[in-house]
Amino acid sequence: MPQLNTTVWPTVIMSMLLALFLLMQLKTLNTRYHPPASPKLTNTKPHNNPWEHKWTKIYSLHSLPPQS
């Protein structure tokens, strides 16, 4: 049974890595990136909530006097 000749493997591996590197470089050169997003100025209207102008009291059960 003949032995496998592995003397050309480093050359094949290095040329494959070089080709992959060049392909990735070409892909990134042709890629169009979007410009960075700028903040959008929006005019917000104040909401009229009825509880903002009223005084309300929240009763806790522990603060109430004991009922008989």
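Predicted model: local features only at pLDDT ≥ 70, side-chain atom pairs only at ≥ 80, totals over all residues.
User: OK, so is Leu23 buried or exposed?
Analyst: Leu23 has a relative accessible area of 52%, so Leu23 is exposed.

User: Where does Leu23 lie?
Analyst: Leu23 is in helix H1, which covers residues 9-29.

User: What share of the residues is buried?
Analyst: Of the 68 residues, 0% count as buried. The protein exposes about 8100 Å², and 65% of that comes from carbon and sulfur atoms.

User: Which residues form the nonpolar patch on the surface?
Analyst: Leu23 is one of them, and others include Trp9, Ile13, Met16, Leu20 and Leu29. Together the patch residues have about 1200 Å² of accessible area.

User: Switching to annotation: where does UniProt put the transmembrane region?
Analyst: The unreviewed UniProt entry places that feature at residues 6-24. In the model this span is 84% helix and 0% strand, and its end C-alpha atoms are 28 Å apart.

Definitions and conventions. Residues numbered from 1 in each chain as written. Heavy atoms only, no water. UniProt positions renumbered as here; feature names shortened; annotations may be inferred. Helix = DSSP H or I, 4+ residues; strand = E, 2+ residues; numbered from the N terminus. Buried < 20%, exposed > 50% of the residue type's maximum accessible area, 1.4 Å probe, protein only. Areas by Shrake-Rupley, 256 points an atom, 1.4 Å probe, with all protein chains shown as cover. Patch = residues over 30% accessible without salt bridge, like charges linked within 9 Å, V, L, I, M, F, W, Y side chains within 5 Å. Salt bridge = Lys/Arg side-chain N within 4 Å of Asp/Glu carboxyl O.
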